Amino acid sequence: MRDPFEPSRRGKFGTRLLEIDAFVNSAVYRLYSGFKNAYTNYSARLERMNYRGFKRGFFELVGDGATLGVVGVIVMLAFAVPAFKATTKEWRDYQQYSVTFLDRYGAEIGQRGIRHDDGVPLSDIPDHLVKAVLATEDRRFYLHFGVDFLGTARAIISNMRAGGVVEGGSTLTQQLAKNVFLSNERTLERKIKEAFLAFWLEANLTKAEILKLYLDRAYMGGGAFGVEAAAQFYFNKSVRDVTLAEAAMMAGLFKAPTRYAPHIDLPAARSRAQEVLTNMVQAGFMTEGQVLLARRRPAEAIDRTEKKAPDYFLDYAFEEVQRLGNNHDFVLTVKTTFDADLQKAADTAVESMLRQYAKARRVKQAAMALSDINGAVHAIVGGRDYGSSQFNRATRALRQPGSSFKLYVYMAALMDGYKPNSLVTDAPICIGNWCPRNYSGGFRGRMPMITALTKSINTIPVRLSQKIGRDHIAELANKMGVETPIRVSRSLALGPAEVTVLDQLSGYLTTASGGKRTRVFAIQEMRNSHGDLIYDHERDAPAREQVIPREKAEQMNEMLVNVVNNGTARRAILPGILAGGKTGTTQAYRDAWFIGFTGNYAAAVWYGNDDFTSTGRVTGGSIPAMTWQQVMVAAHEGQKIKPIPGVGYAPDSNLPTAEEGENDGQTLRAPTLSKGAAQVLEEIAGELSRSRRFNVGRPRTDQVSVIEDDNASATR
């Protein structure tokens, strides 16, 4: 029998709910009572501190000010946190290049990047320049800790009296913080960040380090950053040697470098320098007597009328510097491979050809690159006029090479076992619905391979590419120096894959140098601002690989020499100097090429239009070959003629003595015709005989101003 006094399960649950309710009510009541007592006590204290009159206003003002101050500090810290992130980077490293370029002989030829030089220690900077800067920019530099509150108040009062901005309130440290970490935008956020970063700089650097960084980083007009670069630009001397008058003019640039730059407005620069001298006297750094001579004899800035610079070459060299740079040194002096005489010859040849033929032949642009056989680029023509177009057509323009691409096809054939005198067939061939044709329109049957290249037959390289493999040809072109990715297509052998002028120059250099992979280059040495050698081409460049067997390269050289002497490139013949090369003309005469070499130099020449419109039947054997010939004649003046590997010297060239031949590593022998060359001459004689029969009454081709060349018939 159940105990009537024992609670049921439902009763237990109800009791538990009542206990929870009682606990919550008690807790809420105790919390309310606690707040009430605290408020009562607070009110009682306020009653005891209830001031009236002046005291009440003072304490209310202090209280409100403290509240606003706390809020302001929180806001400023919110702005400052992103600014401090910049200090975690390598902020001391100047991340903009300042490069001075020298030619191959050590003469300065130009600059790229900003003008900057931080190599002069603070102890070498004249005392009068430091005083001029401090008197003008921050007289209390050694007394404040980043932000000068007294100076700021003084500047505010001066500006209010003048009704405009006549005096700045930023300290030298704040200006450095802006130059290093921030932009020039005029916003409250930037000023807050600037102040916090100024405190950070003062806490982490000495005053001397801050002053040195400021003098090195400030922009001083004319593209110059820092006092050393400014002294070189405006006075053509080191900052170590500037006079008091020059120092005053330089110190005046910090406020408004563009407005007071002496090469832009010399009277304004001198007027500003007078203000700086007055500041030095007012600050107590010098007496009026000490600055009197500088007032009477103001500084003279050198004439900065721009001289013609090799801008296309400098652009190419600057790209090379950025590629070779170590990401630590940005102020550099670079010795290049540039040769002013060869550049002048290239510029003159291109301009004279365009003046003579541009209108009649509807060709507006040209590009050229010239180097020695080792790949040292001596001259670059990137277009007709750098002022009108800075696009470098020699290094960046991708154009179809036409038949000049056949070098790689015939080299692949030689590598596959063919020889220059191997018989190949000129006959119709179709790949799908594409059937290439020859420039002449007909077919000539069987002929030696050297003749096929000499006459720039189109069907034969297409047939060879079918047999050897187009992928293999593209791979070989890359191995020989074509760095642009090659698009493989059925017409690859006729040059539809776009390349640059430097690509073709590098490819032809490989065979001209006896099969060694030859990378073109413009940089010989790079030194940092301290004079340390950080790059040397002889020491640091990759070793040249023998990518083509020397025997095959010599066979190719023999074939290319025959192209110049007896084929489509006869206008490139050099009196007394053996030369090899190949022409190229693309479909609809959009591109015309000639790439050739001697034992001394190689050059690639291109003519065409930027909009890919057709020229007036300009072929590779005409204007490009003529340009190449004109430049090479000038380049070889006074030069000792070197042999082409596997071919030797021209029969009528000035052969060196036996001793000179030994120095070249060549065994001299009397020039003789090879069996293949003799066979070629016999075929040429036959062709001439047939031409006399079929061309009776027709106009002579040697009277035409443009020699007809091959037509690649390449599809885009």
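**View 1. Pairing of strand 6 with strand 7 in a predicted model**. Residues are numbered from 1 along each chain as its sequence is written. As the model is predicted, local features need pLDDT of at least 70 and side-chain atom pairs count only at pLDDT 80 or more, while totals for chains, interfaces and linings use all residues, and side-chain values use heavy atoms, with hydrogens and water left out.

**View 2. Strand 6 and its pairing with strand 14**. Strand 14 (residues 601–608) runs antiparallel to strand 6, with eight bridges. Trp606 in strand 14 is the bridge partner of Ala367. Strand 6 spans residues 365–372, and eight of its eight residues are buried (under 20% relative accessible area; exposed is over 50%, partly exposed in between; 1.4 Å probe, protein chains only). One side carries Gln365, Ala367, Ala369 and Ser371, the other Ala366, Met368, Leu370 and Asp372.

**View 3. The disulfide of Cys430 and Cys435**. The sulfur atoms lie 1.9 Å apart, and a disulfide is a pair of cysteine sulfur atoms within 2.5 Å. The count by this rule is one disulfide. The S-S torsion is about 110 degrees, so the disulfide is right-handed. Cys430 is partly exposed at 48% relative accessible area, and Cys435 is partly exposed at 42%.

Terms used: Helices (H or I, at least four residues) and strands (E, at least two) are DSSP runs, numbered from the N terminus. Two strands pair if DSSP finds at least two bridges between them.
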